[in-house]
Amino acid sequence: MPFVIAEPCIGVKDKSCVEVCPVNCIYEGDDQFYIHPDECIDCQACEAACPVQAIFPDNGVPEKWKGFIGKNREHFANK
Ligand code: SF4
């Protein structure tokens with residue numbers, strides 16, 4: 001159950017999540033930050049740190065932002 005960064009991050013990219021992630025699995029993309037789904041250890045630290053509530057466990061992403069589950073995974077597809 002990796003965590004996922006959704007639409008509120010776009011245009012904000014606050015970076016608070018990057019500072020608290022104990023395994024450094026949050027990476028910067030062009031429009032938002034992304035969580036590497038295989039590296040995330042589900043500690044929840046980023047969820048609490050995000051000032052715009054952009055981060056959710058993958059089974060708790062609001063319906064309108066479900067597409068971000070795939071968007072986070074695809075960001076790492078060729079890396
Ligand atoms: Fe990093 Fe923990 Fe957030 Fe996963 S849940 S991205 S390990 S801070």
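This is a predicted model: local features need pLDDT of at least 70, side-chain atom pairs count only at pLDDT 80 or more; totals for chains, interfaces and linings use all residues.
User: Let's start with Glu28: what is its relative accessibility?

Analyst: Residues are numbered from 1 along each chain as its sequence is written, and side-chain values use heavy atoms, with hydrogens and water left out. Buried means under 20% relative accessible area, exposed over 50%, and partly exposed in between, with a 1.4 Å probe and protein chains only. Glu28 counts as partly exposed because its relative accessibility is 49%.

User: Which residue forms a salt bridge with Glu28?

Analyst: A salt bridge needs a side-chain nitrogen of Lys or Arg within 4 Å of a carboxyl oxygen of Asp or Glu. In this pair the closest N and O atoms are 3.0 Å apart, and the partner of Glu28 is Lys13.

User: How many residues apart are Glu28 and Lys13?

Analyst: Helices (H or I, at least four residues) and strands (E, at least two) are DSSP runs, numbered from the N terminus. Glu28 belongs to strand E2 (residues 26-28), and Lys13 to the loop between strand E1 (3-5) and helix H1 (16-20). The pair thus links distant parts of the chain, with a separation of 15 residues.

User: Which residue pairs with Asp31 in a salt bridge, and where does that partner lie?

Analyst: The closest N and O atoms of this bridge are 2.8 Å apart, and the partner of Asp31 is Lys71. Asp31 is in the loop between E2 and strand E3 (33-35), 40 residues from its partner. Both ends are partly exposed, Asp31 at 27% and Lys71 at 25%. So where is the partner? Lys71 lies in helix H3 (residues 67-75).

User: Why are the buried residues of H3 on the same side, and what arc do they cover?

Analyst: The buried residues of H3 are Phe68, Asn72 and His75.

User: Near what value is the phi of Asp42?

Analyst: Most residues other than glycine have a negative phi. Asp42, in the loop between E3 and H2, has a positive one, near 60°.

User: Near what value is the phi of Gln53?

Analyst: Gln53 is in the loop between H2 and strand E4 (55-57), and it is exposed at 55% relative accessibility. Its phi is also positive, near 50°.

User: Which residues come nearest to the ligand?

Analyst: A residue is near a molecule if one of its heavy atoms lies within 4 Å of it, and 13 residues are around the ligand. The ones that come nearest are Cys21, Cys40, Cys43, Gln44 and Cys46.
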